[in-house]
Amino acid sequence: SYPEPGGAFYFLADVSSFYPACGVSGSAEFCEKLLQEKGLLVIPGGPFGLDNMIRFSFAASEEQLAMALDRFESFVKDYS
């Protein structure tokens, strides 16, 4: 789930339902695992008071965004 963005360069997504399957306890560990396994860097929501969420930046080309979302999809499928 996610809140609808209000015109920013980022997007928040609730990924907490994947924590048990990934073997992580929060957004920072989730982001670290995603980086290690898929080479995708996202920002943990914990520092923003939203430890159930991660933050994607949209300050990239459409090609880069498509590649990033493919990596993210692959990661969550690995743990679904």
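Visitor: Is Cys 31 buried or exposed?

Guide: Buried means under 20% relative accessible area, exposed over 50%, and partly exposed in between (1.4 Å probe, protein chains only). Cys 31 has a relative accessible area of 6%, so Cys 31 is buried. Cys 22, at 4%, is buried as well. This is a predicted model, where local features need pLDDT of at least 70, side-chain atom pairs count only at pLDDT 80 or more, and totals for chains, interfaces and linings use all residues. Residues are numbered from 1 along each chain as its sequence is written, and side-chain values use heavy atoms, leaving out hydrogens and water.

Visitor: How many disulfides are there?

Guide: A disulfide is a pair of cysteine sulfur atoms within 2.5 Å. The count here is zero. For Cys 22, the nearest cysteine sulfur is that of Cys 31, 11 Å away.

Visitor: How many salt bridges does the structure hold?

Guide: Side chains of opposite charge can pair when their charged atoms come close. A salt bridge is a side-chain nitrogen of Lys or Arg within 4 Å of a carboxyl oxygen of Asp or Glu. The structure holds three. One of them joins Lys 33 and Glu 37 at 3.7 Å, N to O.

Visitor: How far apart are Lys 33 and Glu 37 in helix H2?

Guide: Helices (H or I, at least four residues) are DSSP runs, numbered from the N terminus. Lys 33 and Glu 37 are four residues apart in helix H2 (residues 27–38), so about one helical turn separates them.

Visitor: Which side chain meets Lys 38 in a salt bridge?

Guide: That of Asp 78, at 3.1 Å, N to O. This pair links distant parts of the chain, with Asp 78 in helix H3 (residues 62–78) and Lys 38 in helix H2, 40 residues apart.

Note on methods: Helix = DSSP H or I, 4+ residues; strand = E, 2+ residues; numbered from the N terminus.
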